[in-house]
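Here is a friendly walk through some helix packing and nonpolar cores.

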Amino acid sequence: MIRSMTGYGKGEYRDDSKTITVEIKAVNHRYCDIFVKMPRRYSFAEESIKAAVKAGLSRGKIEVSVSVDNFGQSDSDIRLDRDLASKYYNALKELKESFDLGGEQSEISLGLLARMPDVIKGVAAEDDEEALLACFLEATNKAVENISKMRETEGAKLVADIAMRADIISDIRSRIEERAPELEKEYAAKFRTRITDLLDGVAEVPEERIALEAAIFADKANITEELVRLESHVSQLREFLTGKEGSIGKKIDFLIQEMNREANTIGSKSNDKEITSMMLQLKAEIEKIREQVQNIE
């Protein structure tokens with residue numbers, strides 16, 4: 001199935017404590033370039049998410065956005081450093097005894113110890129990374145599935161357009177093929193007229209010379225080989241469009257370059273206004289296909 005490189009897909013995982021949302025956006029790119037944007041706390045899952053995306057999307061500039069909404073639980077825990085509190089307490093007690101401090105003002109209270117630096121501090125809650133990773137991948141796989149469906153829909157439209165233009169190219173090629181044999185006859189007639197004018201009735205027009213010149217011209221202007229190759233390229237293009245291979249953008253792009261080369265050669269060798277006009281139409285259709293191919297995965 002041929003797919004476009006442009007698309008959007010969203011996937012979600014939800015349970016009693018959290019919702020994980022993964023959104024994937026993709027645009028044209030020569031290679032597969034994946035960028036993941038997610039909370040730093042869950043960065044342990046980034047490489048696995050990239051691998052899951054790459055397994056489903058082989059080409060394009062792909063932006064993955066991951067968000068986590070925790071509800072019913074806090075993202076942070078409170079940590080008590082008992083050893084540090086004990087050291088603060090002993091230091092304060094020693095200070096009190098050293099200066100013979102008494103009275104309520106000198107009591108070492110719970111509030112005083114709690115205010116000491118780092119005795120009680122907030123830390124990020126510890127996560128079950130393996131269980132969370134499975135949740136991230138479930139949401140990611142749903143997003144990949146959804147963007148793939150969209151890219152396939154767009155790909156079908158591209159295939160229809162390219163197939164239509166392949167038919168136009170084939171028709172133009174056939175018209176050029178019909179026109180080509182007439183060139184030798186027309187050249188022979190023009191050459192005979194020029195020779196007749198030059199001799200001005202002094203001598204007869206040498207038919208063997210005219211035939212030789214026409215044959216030389218026909219050999220130089222022969223475009224049979226280019227027409228055969230162009231027909232082969234169009235046939236191969238149709239095979240790509242109807243085949244089961246998914247990622248063919250680069251192959252079709254190369255094929256289009258070859259078709260353009262044949263069109264240029266036909267134009268340079270034919271030296272005929274009609275064929276030149278048809279060749280320009282040919283190149284216009286090839287260019288339209290080339291533009292469409294840039295969006296094929």
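Q: What makes the crossing of helix 7 and helix 8 left-handed or right-handed?
A: Helix 7 passes helix 8 in a left-handed crossing; that term applies if the near helix is turned anticlockwise from the far one by less than a right angle, and clockwise would be right-handed. Helices here are DSSP runs (H or I, at least four residues), numbered from the N terminus. This is a predicted model, in which local features need pLDDT of at least 70, side-chain atom pairs count only at pLDDT 80 or more, and totals for chains, interfaces and linings use all residues. Residues are numbered from 1 along each chain as its sequence is written, and side-chain values use heavy atoms, without hydrogens and water.

Q: Why is helix 7 called roughly antiparallel to helix 8?
A: Helix 7 (residues 249–270) and helix 8 (residues 273–293) pack at about 165°, with axes 10 Å apart. Angles over 145 degrees count as roughly antiparallel, so helix 7 is roughly antiparallel to helix 8.

Q: Which residues is Ile252 in contact with, beyond its neighbours within four places in sequence?
A: Ile252 is in contact (heavy atoms within 4.5 Å) with Leu237, Phe240, Leu241, Val293 and Ile296.

Q: How many residues does the largest nonpolar core have?
A: The largest nonpolar core has 31 residues, and Ile176, Leu237 and Ile252 have the most contacts inside it. Such a core is a set of buried (under 20% relative accessible area, 1.4 Å probe, protein chains only) Ala, Val, Leu, Ile, Met, Phe, Trp, Tyr and Cys residues joined through side-chain atoms within 4.5 Å. Its largest share, 8 residues, comes from helix 4.

Terms used. Axes are lines fitted to C-alpha atoms, for helices over the stretch in contact, and angles run from 0 to 180 degrees between N-to-C directions. Helices (H or I, at least four residues) and strands (E, at least two) are DSSP runs, numbered from the N terminus. Angles under 35 degrees count as roughly parallel, over 145 as roughly antiparallel, 65 to 115 as roughly perpendicular and the rest as oblique. Buried means under 20% relative accessible area, exposed over 50%, partly exposed in between (1.4 Å probe, protein chains only).
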